[in-house]
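Reader: I would like to learn how to read the features of a model like this one. Please take them one at a time.

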Amino acid sequence: MSDDYLVRIGKLIRDARQHRGWTQTQLAEALNTSQSAVNRIERGNQNISLEMIARIGEALDSEIVSLGYAGPMHLRVVGGRRLSGAIDVKTSKNACVALLCGSLLNKGRTVLRRVARIEEVYRLLEVLNSIGVRTRWINDGVDLEIVPPAELDLASIDAEAARRTRSIIMFLGPLLHRLDRFMLPYAGGCDLGTRTVEPHMIALRRFGLDIAATEGQYHAVVDRSVAPDRPIVLTERGDTVTENALLAAARHDGTTVIRNASSNYMVQDLCFFLEALGVKVDGIGTTTLTVHGVPNIDVDVDYSPSEDPVEAMSLVAAAVVTESELTVRRVPIEFLEIELAVLEEMGLDHDRSPEYFADNGRTRLVDLTVRPSKLEAPIDKIHPMPFPGLNIDNVPFFAAIAAVAQGQTLIHDWVYDNRAIYLTDLNRLGGRLQLLDPHRVLVEGPTRWRAAEMMCPPALRPAVVVLLAMMAAEGTSVLRNVYVINRGYEDLAERLNSIGAQIEIFRDI
C-alpha cells in the first residue's frame, strides 16, 4: 500500500476506535498486539495487510474500517508435505465456553488463563458485553478478565451473536439465580441436525425454571419456592446438560445430587472452577455429582482451564494422515486413552512422556510422539460413548485415519443426525467412503489423496478432517468459508504451518 493510503486507513482506524471509546491499549489487547504497533498503524507508519484491516474492523465493529474485508475466509493448502517438530495443545474450547458462562455466578473478578481465542469465545464475549459484563484481554492478550455489573441488562442482549453459538443455552443455569424473568435467543452453533434442549429443561425445572419457547426466544420465569427435594437424574448424559445443572446447583442454598452426569473433560474443568469459587463438589470424574451450593459468590478468582483433548486428537490425526513424525505436547491423556488404545491396535507407532499436571493442578498431561506407521483397519467398528469411552467429537478424525489404513472400517456416529453425511466430503479428495445410513459410514483404505476445491462442511470436526486430508493430498487444494473451523480452533493454519504445513489464508477480492 502507498504511504497516502496507509495514512488514510490509519485515520479511519483512529476515528473508529475513538467512536467506540477505546484507547489504543484496549485495541491492542483485542488484536493481541502492542500499543506502539496500534500507534504506528494510526499514524500511517506501519504496513498493514487486508487480514489485519479485517481483524481491526471486526474488533471495532466498524463497517468503514472493514472496507478491506472481502467476505469469508478461505484456505489454500499445498499438500503432500511432511510435518515435523513439536506443537503444544491449546486450552479446551468446551471448557472455556463453560467457564465464561460460569463467570456469571460470581459477583467478583474472574481471570481465566490462556483462554482459547476462537470465534465461539468471541461470540460469548459479545453477548456478555452486551448485557453489561466488562471483559478485557490482559497479559499481552493471553488471559481474560471478566467483571460483572451489579445488575445484568438482558434487554440489550446481542441476539445475533447469541444465535451463532449453542453455548448460550448454558446461561440458563446462572441466570435463574439473578433474575425472576428473562429472555434468551434460541441456541445455534454447528449444523448437526435436531438437538433437543428438553434434557436441559427437565434438569432446570427442579430449580423452579419454567421455559416457554416462542418467536425465536426462550421466555424464562423462575419460581423461587421450588428447589430440588431429591436427586436430579439427567435424562441424557450430555456435557452441556450436566454443566447447566452444575451451574444451577452452584448457587442453590443446599445440597444437590446430580445422577447420570457426564464426567467428561469440560465438566471436570467446570467442577474445578466451581471449587475455586468456594462451591464444594463431590464425585468429580464420576456419574454422580454432589454439589454443596453457596447462595452468594463474591470472590476474586484466578483459574487455568486444561488442554483440549479433541485438539490433541486433531494433531495426532494430522501426523497420521500426512505420514509424519510429530510430537504433540500437553496432551490430556486421561481423555485420549481409548482413542490411543484403538490406534495401537491399528498399528500406530508412538510413545509418550511421563505424566505431569496441567496448570489447574488436576488434569494429567503427557507429550506424545507419533511416527509414520502401517495401519490396519480395526476389527470392531468405531463408535463413541460417554466418557470414559471414545469421545464423540473425536469420531470424525477416525474417518481420515481409517482412509489411510489397509482394509474396511465401519464408523457409527450415532449421536448426531447429520455429521456422518459430512464425512463423505472426503470422497472429493480421493477417499472411498460409503454412507450406509445417516449414522454409519464404511471407509475403504488405503487412500491416494488428490487435491480439490470445495466448500467447508458446516460442522466443526468434519471441516477439520477435510483440511487434514487436503494436507495429505499432492497439489493445491482450496477450502472455502472456514468460519466453522475458527469457531473451535485458534490460529490453526498458522500453527500447522509452524510444523511444516503450507496453508495460506485468503479472502475474495
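This is a predicted model: local features need pLDDT of at least 70, side-chain atom pairs count only at pLDDT 80 or more; totals for chains, interfaces and linings use all residues.

Reader: What is Leu 467 in contact with, leaving aside neighbours within four places in sequence?

Author: Leu 467 is in contact with Leu 75, Val 77, Leu 479, Ile 485, Leu 492, Leu 496 and Ile 503.

Reader: Now a pair of helices. How are two packed helices described?

Author: By the angle between their axes and the distance between those axes. Here, take helix 5 and helix 6 (residues 119-130): their axes come within 10 Å and cross at roughly 5 degrees. The two helices are therefore roughly parallel to each other, because an angle under 35 degrees counts as roughly parallel.

Reader: Which residues make that contact?

Author: Helix 5 contributes Lys 93, Cys 96, Val 97, Leu 100 and Cys 101, while helix 6 contributes Glu 120, Val 121, Leu 124, Leu 125 and Leu 128. By type, the contact of helix 5 with helix 6 divides into 8 nonpolar, no polar and 2 charged residues.

Reader: Is Cys 101 buried or exposed?

Author: Cys 101, which sits in helix 5 (residues 93-102), is buried, with a relative accessible area of 0%. The cut-off for buried is under 20%. Sequence separation is a separate matter: Cys 101 and Leu 270 are 169 residues apart along the chain, with 9.9 Å between their C-alpha atoms.

Reader: And how does Asp 302 count?

Author: Asp 302 counts as partly exposed, at 44% relative accessibility. The residue belongs to strand 13 (residues 301-303). Leaving out residues up to four places away in sequence, Asp 302 touches Val 111 and Arg 113.

Reader: How do I see which part of a helix faces inward? Helix 9 would do.

Author: List its buried residues, then look at what they pack against. In helix 9 (residues 198-205) the buried residues are Pro 199, His 200, Met 201, Ala 203 and Leu 204. They pack against helix 8 (172-175), strand 7 (209-214), strand 9 (232-233) and helix 10 (239-250).

Reader: On to strands. What should I know about their side chains?

Author: In a regular strand the side chains alternate between the two faces of the sheet. For a case of pairing, strand 7 and strand 8 pair in the antiparallel sense over 6 bridges. Asp 210 has Val 221 of strand 8 as its bridge partner. These two strands form a hairpin with 2 residues between them, and Glu 215 in the turn has a positive phi of about 50 degrees. Strand 8 (residues 217-222) also pairs with strand 6 (residues 181-185), again in the antiparallel sense, over 5 bridges. In that pairing Phe 182 stands opposite Ala 220.

Reader: What is the strand order in the open sheet of 3 strands?

Author: The order is 18-20-19, with antiparallel pairing. Strand 18 (407-412) and strand 19 (432-437) are at the edges with a single partner strand each, so one side of each has no neighbour in the sheet. The twist averages 20 degrees from one strand to the next. Strand 18 is joined to strand 20 (residues 440-445) by 6 bridges, and Thr 409 stands opposite Val 443. Helix 14 (residues 395-403) lies across all of strand 18, strand 19 and strand 20, at about 25 degrees to strand 20.

Reader: Which strands are at the edges of the open sheet of 4 strands?

Author: That sheet has the order 21-22-1-23 with mixed pairing. Its edge strands are strand 21 (453-455) and strand 23 (502-507), each pairing on one side only. Strand 21 and strand 22 (residues 475-480) are parallel, with 3 bridges, and Glu 453 stands opposite Val 478.

Methods: Residues are numbered from 1 along each chain as its sequence is written. Side-chain values use heavy atoms; hydrogens and water are left out. Contact means heavy atoms within 4.5 Å. Buried means under 20% relative accessible area, exposed over 50%, partly exposed in between (1.4 Å probe, protein chains only). Two strands pair if DSSP finds at least two bridges between them. Axes are lines fitted to C-alpha atoms, for helices over the stretch in contact, and angles run from 0 to 180 degrees between N-to-C directions. Angles under 35 degrees count as roughly parallel, over 145 as roughly antiparallel, 65 to 115 as roughly perpendicular and the rest as oblique. Ala, Val, Leu, Ile, Met, Phe, Trp, Tyr, Cys and Pro count as nonpolar, Asp, Glu, Lys and Arg as charged, and the others, Gly among them, as polar.
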